[in-house]
Amino acid sequence: MIDLRSDTVTLPTPAMREAIARAELGDDVYGEDPSVNRLEAMAASMMGKEAALLVPSGTMGNLAAMLTHCARGTKAIVGADSHTNLYEAGGASALGGIVLTAIANTDDGELDTGELARELGTPADDHFAPPSLVVIENTHNRCGGAPIKLSHMAEVSAAARRRKVPLHLDGARIFNAALALETTPKEIASHADTVSFCLSKGLGCPIGSLLCGSREFIARAHRTRKVLGGGMRQAGIIAAAGIVALTTMVDRLAEDHQNARALAQGFALVAGLNVRAVKNRTNMVVFDVDGDADVSRRFAAAMKERGVLISPREATSFRAVTHNGISRADIDRAVAAAAQAAGEVFGD
């Protein structure tokens with residue numbers, strides 16, 4: 001089965017499994033797991049921050065950041081199409097009393113700077129929730145995996161800092177962004193006060209994300225993680241795979257980007273499929289299917305029958321994600337399957 005639903009379906013590499021089996025362990029709640037300590041130091045250095053904190057998931061990383069940054073009754077300004085706004089179960093509001101205030105994302109995933117200025121300009125009036133955080137996502141999942149330009153990162157950062165409001169970067173796929181922008185994760189993260197990134201997406205780990213920031217912030221985030229149930233004991237078995245990922249899996253993301261471009265070009269040639277354009281493609285292909293929701297369901301079923309899994313987005317659109325374990329031959333098979341499925345479904 002060629003599984004293009006997400007880059008979270010990757011399996012740990014043999015080197016990761018070996019590292020997990022041989023990991024040097026201790027109790028991380030006491031700060032005594034040497035593998036965790038090493039991974040956190042690596043992550044902080046790569047992001048240009050003072051310290052880092054290992055958490056089980058990207059959702060917890062973002063939630064811990066927001067709960068640590070924001071007081072109850074204050075507002076966090078997020079993109080309307082952001083992962084934080086749409087796919088994290090409203091945790092910041094449910095658990096932290098934070099007012100998630102959504103502003104428009106452009107088709108390229110950038111924040112609408114006019115709306116951002118308006119929300120940051122909330123008067124100091126008891127009627128209004130004061131802004132306490134801006135959250136930006138890079139790459140942007142809902143916008144086809146688009147990498148956010150450094151110039152926009154700088155503009156958002158400057159706007160937030162003028163109001164003395166911190167900026168958190170949801171950098172789940174920050175290594176994909178750095179590759180596409182021909183820069184470094186450190187340069188991207190330099191515009192934010194805190195940054196989270198995932199080990200379990202394109203980097204191929206079975207679990208884990210890192211939250212990075214100042215020493216003082218991460219010290220406070222430790223308690224937040226504990227409140228959320230994220231304090232782990234011999235977490236070095238997670239960290240060991242993360243160390244392998246950061247040392248061996250970053251450069252190979254270029255293959256995923258190449259495969260995504262080939263997949264987009266192939267799907268664009270299939271009658272009935274309409275690939276959404278992305279100025280700078282990373283590892284995602286979003287496409288629409290001619291017809292209604294029933295046609296889309298039948299197309300997905302026809303793809304599955306041919307050994308290809310894709311992820312539904314809206315009623316008539318899908319996402320396909322390239323990742324470790326997907327070869328160029330798999331891309332060619334997926335394109336052929338799409339042509340056959342389209343012929344079956346649209347030919348009815």
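**Ground rules.** I'm working on a predicted model, so to speak: local features need pLDDT of at least 70, side-chain atom pairs count only at pLDDT 80 or more, and totals for chains, interfaces and linings use all residues. Residues are numbered from 1 along each chain as its sequence is written, and side-chain values use heavy atoms, with hydrogens and water left out.

**Overall fold.** I counted 14 helices and 13 strands (DSSP runs, H or I of at least four residues for helices, E of at least two for strands, numbered from the N terminus). I then looked up the radius of gyration: 21 Å, close to the 20 Å from the globule rule for 348 residues, so the chain is as compact as a globular protein of that length. That radius is over C-alpha atoms, and the rule is 2.2 Å times the number of residues to the power 0.38. I noted 55% of the residues as buried, meaning under 20% relative accessible area with a 1.4 Å probe, protein chains only.

**Aromatics.** My search of the whole structure gave six aromatic pairs (ring centres of Phe, Tyr or Trp, its six-membered ring, within 6.5 Å; planes under 30 degrees apart are stacked, over 60 edge-to-face, the rest tilted). Phe175 and Phe197 sit edge-to-face, at 5.4 Å centre to centre and 85° between the planes. I placed Phe175 in helix 8 and Phe197 in strand 7, 22 residues apart. Phe175 is buried at 5%, and Phe197 is buried at 0%. Next I checked Phe299 and Phe318, a tilted pair at 6.1 Å and 55°.

Terms used:
Buried < 20%, exposed > 50% of the residue type's maximum accessible area, 1.4 Å probe, protein only.
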